[in-house]
Amino acid sequence: MSEVIKKFLYVNRKAPYGTIYAQEALEVVLIGAAFDQDVSLAFLDDGVFQLTKGQDTKAAGLKNFSPTFRALGDYEVTKLYVEQESLDERGLTLDDLQDIQYEDEDDDYEEKPSIIVVSRAEMANVMADQDVVLSF
Amino acid sequence: MATLHTVNKSPFQNQTLISCLGHAKAGDSVLMIEDGVYGAMQGNAMSEVVAGMGANVKLFVLGADIAARGIDAGRVAKGIASVDYEEFVDMAASHDRVQNWL
């Protein structure tokens with residue numbers, strides 16, 4: 001087997017708890033992380049709601065999976081593209097989102113932000129740059 | 001380096017088709033399938049938006065899903081080509097990637 005590294009993009013367009021899509025996407029990302037591919041996540045439309053900080057699901061009786069996003073860096077998933085227009089439309093700013101960081105092993109394990117805010121046009125370029133696009 | 005986008009939701013139900021058209025690059029193909037085929041009809045509240053936002057992409061609709069919903073082929077908007085399942089497979093193979101908008 002040749003070691004071909006492909007670019008995988010996981011596209012998140014749904015809010016976190018109304019459907020199972022968001023949680024399933026995260027499961028697939030974690031499973032896929034074992035295959036040493038070039039992985040990115042995209043958050044647009046209602047998908048940006050997945051990253052809000054302060055999620056408290058106790059009273060709703062749901063599993064709060066939002067802390068898992070902060071663990072992605074340990075699986076070398078370090079590129080979380082978030083669309084600016086989707087934030088704007090929903091009255092959100094970067095401050096409303098979790099602070100998600102990873103340790104850069106090529107830079108003395110310095111902590112760096114995983115979230116990359118991009119415009120819709122830049123998001124289109126990210127999508128067009130992939131080998132495989134998986135939607136949730 | 002073109003992408004085949006598929007859309008399977010009605011544009012009257014949610015923003016999926018609009019989001020797809022807002023992210024598709026010039027020269028990409030957008031294929032409306034399942035309930036997505038309602039976005040291919042002419043003379044409804046979405047027709048002008050689809051035509052405008054889709055001006056730089058190639059628009060297609062899956063004929064089987066049009067027929068299944070009782071939509072006459074004549075109701076498909078001008079400039080939107082109807083394809084069958086074999087052509088769908090050929091399109092998936094001839095593009096660099098497939099992006100499904102769910």
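Reader: Hi! In what order do the elements of chain B run from the N terminus on?

Author: Hello! They run β-α-β-α-β-α-β-α-β from the N terminus on, with four helices and five strands in chain B. Helices (H or I, at least four residues) and strands (E, at least two) are DSSP runs, numbered from the N terminus. This is a predicted model, where local features need pLDDT of at least 70, side-chain atom pairs count only at pLDDT 80 or more, and totals for chains, interfaces and linings use all residues. Residues are numbered from 1 along each chain as its sequence is written, while chains are lettered from A and ligands numbered from 1 in the order in which they are written.

Reader: Thanks! What order do the strands of the sheet have in chain B?

Author: The order is 4-3-2-1-5, in an open sheet of five strands with parallel pairing; two strands pair if DSSP finds at least two bridges between them. Strand 4 (80-83) and strand 5 (97-101) are the edge strands, each pairing on one side only. On average, neighbouring strands are turned by 25° against each other, direction ignored. Such angles run from 0 to 180 degrees between N-to-C directions, with axes as lines fitted to C-alpha atoms, for helices over the stretch in contact.

Reader: How many bridges join strand 3 to strand 4 of chain B?

Author: Four, and strand 3 (residues 58-62) runs parallel to strand 4 there. B:L59 has B:I80 as its bridge partner, and B:V61 has B:S82. Strand 2 of chain B also pairs with strand 3 in the parallel sense over four bridges, where B:M32 is partnered with B:V61.

Reader: Why is strand 3 of chain B largely enclosed?

Author: Because four of its five residues are buried. Buried means 20 or more other C-beta atoms within 10 Å of the residue's own, exposed means 12 or fewer, and partly exposed is in between, with C-beta atoms placed from the backbone. In chain B, 36% of the 102 residues count as buried.

Reader: And which residues of helix 1 of chain B are buried?

Author: B:T16, B:L17, B:C20, B:L21 and B:H23. Their cover includes helix 3 of chain A together with strand 1, strand 2, helix 2 (47-53) and strand 5 of chain B. Helix 1 (residues 16-23) lies across strand 1 (3-7), strand 2 (29-32) and strand 5 of chain B, at about 170° to strand 1.

Reader: Changing topic: where is A:K53?

Author: A:K53 is in the loop between strand 2 (38-43) and strand 3 (80-83) of chain A. With 11 C-beta neighbours inside 10 Å, A:K53 counts as exposed. Not counting residues up to four places away in sequence, A:K53 touches A:D96, A:L97 and A:Q98. The C-alpha atoms of A:K53 and A:L97 are separated by 5.1 Å, though the two are 44 residues apart along the chain.

Reader: Last one: what does the C-alpha trace of chain B span along its principal axes?

Author: About 35 × 25 × 25 Å. Happy modelling!

Definitions and conventions. Contact = placed C-beta atoms within 7 Å.
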